[in-house]
Amino acid sequence: MDPKFALRFLLVLLLVSPLFVTNTMQAEAVQPYEETNQRKPSGTINGGMVSAVLSDKGYHAMSLTLDRILEAINPNSTITLFCPQDKAFFNSKYPQPPLTLLKYHAVPFKMNKDSMEASFRHGSKVDTLLPGHPLVVTSLPAGTHGYASLNLVKVTEWDLYNNGRLIVHGVEDFFDPAFQTLRYPQFDVVAKDVSSGGSWLKKATESWFLLF
């Protein structure tokens, strides 16, 4: 073999090999970034972070009340929380809502726009953290109304917060358990753990009777 040819071949190998190694390292370095972009449930729920997000998005009243509901749930569970707008607190009979009412706004599983459309229909019940008192689907995202609603309360904003463990959606008002009790009594379940909120639920039901 010609010594000059061999020398040139060796120089080409030395010049090309660093480029090959660099490109390989860059390709491998992309993988961790792509994996971190996948939304996975975090180990715990950072209440302070969620409160800050809600406050930034205009849900100031619920951001101040959030700790009460978070303290009442299993930190390792997946929860969907429906968050009333500030005006709901001002118009409500309960400017400082009892824990029973807050639990009625929490669903013990992941529920978003897509899953609601795929898994529920008009009149479906949606179990909540308030034993024996489910929500009722009254319209679907792609239905004739053009928006989703539960207990005739419109879902105004999807995914205010979502870390895979806690999902928060905005709604225009508080859900009233009496709506389900009066219009969908077939969903009633006798629950033992309602002693702390029994009087409140009775008053809510009575207020609905006055409307009919």
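Visitor: To begin with one of these residues, does Phe179 count as buried or exposed, and at what relative accessibility?

Guide: Please keep in mind that this is a predicted model. Phe179 has a relative accessibility of 1%, and because buried means under 20%, Phe179 counts as buried. Tyr184, with 16% relative accessibility, also counts as buried. A search of the whole structure finds 4 aromatic pairs, and one of them joins Phe179 to Tyr184, with 6.1 Å from centre to centre and 45° between the planes, an arrangement described as tilted. Ring pairs also bring in Phe187, so that Phe179, Tyr184 and Phe187 are linked into a cluster.

Another pair is formed by Phe82 and Phe175, whose ring centres are 5.6 Å apart and whose planes stand at 70°, so this pair is edge-to-face. Phe82 belongs to strand β1, whereas Phe175 sits in the loop between β7 and α7 (177-183), so the pair ties together parts that are 93 residues apart in sequence. Both Phe82 and Phe175 are buried.

As for a ring with a charged neighbour, Lys154 lies over the face of Tyr147, at 4.8 Å from the ring centre.

Conventions
Residues are numbered from 1 along each chain as its sequence is written. This is a predicted model: local features need pLDDT of at least 70, side-chain atom pairs count only at pLDDT 80 or more; totals for chains, interfaces and linings use all residues. Side-chain values use heavy atoms; hydrogens and water are left out. Rings of Phe, Tyr and Trp (its six-membered ring) pair if their centres lie within 6.5 Å; planes under 30 degrees apart count as stacked, over 60 as edge-to-face and the rest as tilted. Helices (H or I, at least four residues) and strands (E, at least two) are DSSP runs, numbered from the N terminus. Buried means under 20% relative accessible area, exposed over 50%, partly exposed in between (1.4 Å probe, protein chains only). A charge sits over a ring if NZ of Lys or CZ of Arg is within 6 Å of the ring centre and within 35 degrees of the ring normal.
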